[in-house]
Amino acid sequence: MSALPVSTRPLAVRLVLWGVLLLALWNLGQAATLWLQLDWLADLSLTPDPYLRLALAITWAALFFVSAASLYRRISCSRALIPLLITIYGVYELGMKMSFAPTSPALLPALAYAAFAGGAGWVLWRAAGYFSTPGRKEDANPSTL
């Protein structure tokens, strides 16, 4: 009987991966909701345009799915890409709420986006050894070749 496979992914990186996947699923759900209500929303004079919101939700979902896949595949550019995407998404979401809502958002959502982006950046930069795979030739020890 063979041993069970053991994950080499650190717990903190796994939590960031799940967080990015949840953001992608949130935007995919938002896009599905907008798609189902598009006929009803088109009759209203809403700003921003529901078609624009649908396109942006699909774009954000695709960006977060791609960044989660790059983190899963241990691509080193995801160390900078994921915190940057979360920061831009937080600014986008809070900007939309501040521009088009009658009242400005509370401080808690801004702190939540900042904490998630800062925590993801800290975790991914701390786990630098996770992104270097020993199977590559340039990472191998020259004395053992």
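**Notebook: rings, cores and helices**

**Entry 1: two tyrosines**

I started with Tyr89 and Tyr92, which both sit in helix α4, 3 residues apart, or about one turn of the helix. I note here that the model is predicted. Are Tyr89 and Tyr92 buried or exposed? I looked, and both are buried.

Next I searched for aromatic pairs. The whole structure holds 7 of them. Tyr89 and Tyr92 form one of these pairs. I wrote down 6.2 Å from centre to centre and 40 degrees between the planes, and the pair is tilted. Two values are needed, because a pair of aromatic rings is described by the distance of the centres and the angle of the planes.

I then turned to Tyr130 and Phe131. Their ring centres are 5.1 Å apart. Their planes meet at 75 degrees, so this pair is edge-to-face. Over 60 degrees is the cut-off for that label. Tyr130 is buried, at 6% relative accessible area. Phe131 is buried too, at 4%.

Which residues do ring pairs link into a cluster? I found Trp60, Phe64, Tyr89, Tyr92 and Tyr113.

The charged end of Arg126 sits over the ring of Trp122, 4.7 Å from the ring centre.

**Entry 2: the whole protein**

I stepped back to count elements. The protein has 6 helices and 0 strands. Read from the N terminus, the order is α-α-α-α-α-α.

The protein has 145 residues, and buried ones make up 30% of them.

I took contacts between residues at least 6 apart. Of these, 70% join residues at least 24 apart.

**Entry 3: the cores**

In soluble globular proteins, nonpolar side chains tend to be buried together. I went looking for such groups here. The largest nonpolar core has 22 residues. Which of its members touch the most other members? They are Val16, Phe64, Leu71 and Ile86. At least two core residues come from each of α1 (11-36), α3 (50-72), α4 (78-100), α5 (107-126) and α6 (128-131). The largest share is from α1, with 6 residues.

There is also a second, separate core. This one has 6 residues, including Ala31, Leu38, Leu41 and Ala57.

**Entry 4: helix α1**

I listed the buried residues of α1. They are Val13, Val16, Leu17, Gly19, Val20, Leu23, Ala24, Asn27, Ala31 and Leu34. What do they pack against? I found α2 (38-43), α3, α4, α5 and α6.

I took Phe64 first. I left aside its neighbours within four places in sequence. Phe64 is then in contact with Val20, Leu23, Ala24, Asn27, Leu85, Ile86 and Tyr89. Val20, Leu23, Ala24 and Asn27 are among the buried residues of α1.

Phe65 also went into my notes, and it lies in helix α3. Is Phe65 buried or partly exposed? Its relative accessible area is 33%, so Phe65 is partly exposed. Beyond four places in sequence, Phe65 touches Leu21, Ala24, Leu25 and Leu28. I also looked up Phe65 against Leu17, which is 48 residues away along the chain. Their C-alpha atoms are separated by 9.9 Å.

Ser67 came last, again in helix α3. How exposed is Ser67? Its relative accessible area is 1%, so Ser67 is buried. Apart from residues up to four places away, Ser67 touches Val20, Ser78, Leu81, Ile82 and Leu85.

**Entry 5: a backbone angle**

I ended at Arg74, in the loop between α3 and α4. Its phi is near 65 degrees, a positive value in a residue other than glycine. I flagged this because most residues other than glycine have a negative phi. Arg74 is partly exposed, with a relative accessible area of 24%.

Terms used: Residues numbered from 1 in each chain as written. Predicted model: local features only at pLDDT ≥ 70, side-chain atom pairs only at ≥ 80, totals over all residues. Heavy atoms only, no water. Core = buried A, V, L, I, M, F, W, Y, C linked by side-chain atoms within 4.5 Å. Buried < 20%, exposed > 50% of the residue type's maximum accessible area, 1.4 Å probe, protein only. Helix = DSSP H or I, 4+ residues; strand = E, 2+ residues; numbered from the N terminus. Contact = heavy atoms within 4.5 Å. Phe/Tyr/Trp six-rings, centres within 6.5 Å; stacked < 30°, edge-to-face > 60°. Lys NZ or Arg CZ within 6 Å of the ring centre and 35° of its normal.
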